[in-house]
Amino acid sequence: MMKILRTSPGNVHFNELVNFLDAELAISDGEGHAFYDQFNKLDHIKYCILLYENEKPIGCGAIKQYQPEIMEIKRMFVLKGKRGHGNASIILKEIELCARELGALSCILETGVNQPEAIALYKKNGYHLIPNYGQYVGIEKSFCFRKNL
């Protein structure tokens with residue numbers, strides 16, 4: 001049975017999944033990991049989503065305010081054995097619902113050239129490639145996306 005939980009960055013299960021995410025990113029980002037890692041801290045994140053299957057956490061995501069009507073999606077992750085079954089889309093849809101409830105008109109995000117599955121996920125869910133924003137301007141290995149809610 002699947003269950004979605006809205007929570008905070010202090011949630012133990014959220015932190016466990018983020019640790020798995022960071023370990024994977026350290027490998028896929030290689031030498032660039034330190035650059036990206038500085039923008040993935042939980043300091044400004046207030047809203048987190050957890051997806052449970054049979055009471056076990058299998059995926060997560062979060063949003064933080066980027067501008068008054070724009071939320072930035074952060075910390076999207078699904079355990080390896082649970083990928084390819086629509087779980088990331090479930091999390092993404094809940095993030096978008098939460099963002100709308102908070103008054104956002106759009107969501108933005110950054111992912112990298114080394115995350116082709118993430119790129120495919122966002123395109124499949126209606127996100128459009130945009131010029132790199134903020135700290136990602138000029139970073140060739142970054143891809144930024146936006147979706148109007």
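**Around helix α4**

Modeller: The buried residues of α4 are covered by elements including β4 (70-78), α3, β5 (106-112) and β7 (142-148). This is a predicted model: local features need pLDDT of at least 70, side-chain atom pairs count only at pLDDT 80 or more, and totals for chains, interfaces and linings use all residues. Residues are numbered from 1 along each chain as its sequence is written, and side-chain values use heavy atoms, with hydrogens and water left out.

Colleague: Which residues of α4 are buried?

Modeller: Ala118, Ile119, Leu121 and Tyr122. Buried means under 20% relative accessible area, exposed over 50%, partly exposed in between (1.4 Å probe, protein chains only). Down the axis of α4, the buried residues fall within an arc of 160°, so they line one face of the helix. The arc is that of the directions from the helix axis to the C-beta atoms.

Colleague: And which exposed residues sit on the face turned away?

Modeller: Glu117, Lys123 and Lys124.

Colleague: Switching to α3. At what angle do α3 and α4 pack?

Modeller: About 55°, for α3 (residues 87-101) and α4 (residues 116-124), with their axes 11 Å apart. That makes α3 oblique to α4. Angles under 35 degrees count as roughly parallel, over 145 as roughly antiparallel, 65 to 115 as roughly perpendicular and the rest as oblique.

Colleague: Which residues meet there?

Modeller: From α3, Ala88, Ser89 and Leu92; from α4, Leu121, Tyr122 and Lys124. Contact means heavy atoms within 4.5 Å.

Colleague: What follows α4?

Modeller: Gly126, with a positive phi near 90°.

Notes. Axes are lines fitted to C-alpha atoms, for helices over the stretch in contact, and angles run from 0 to 180 degrees between N-to-C directions. Helices (H or I, at least four residues) and strands (E, at least two) are DSSP runs, numbered from the N terminus.
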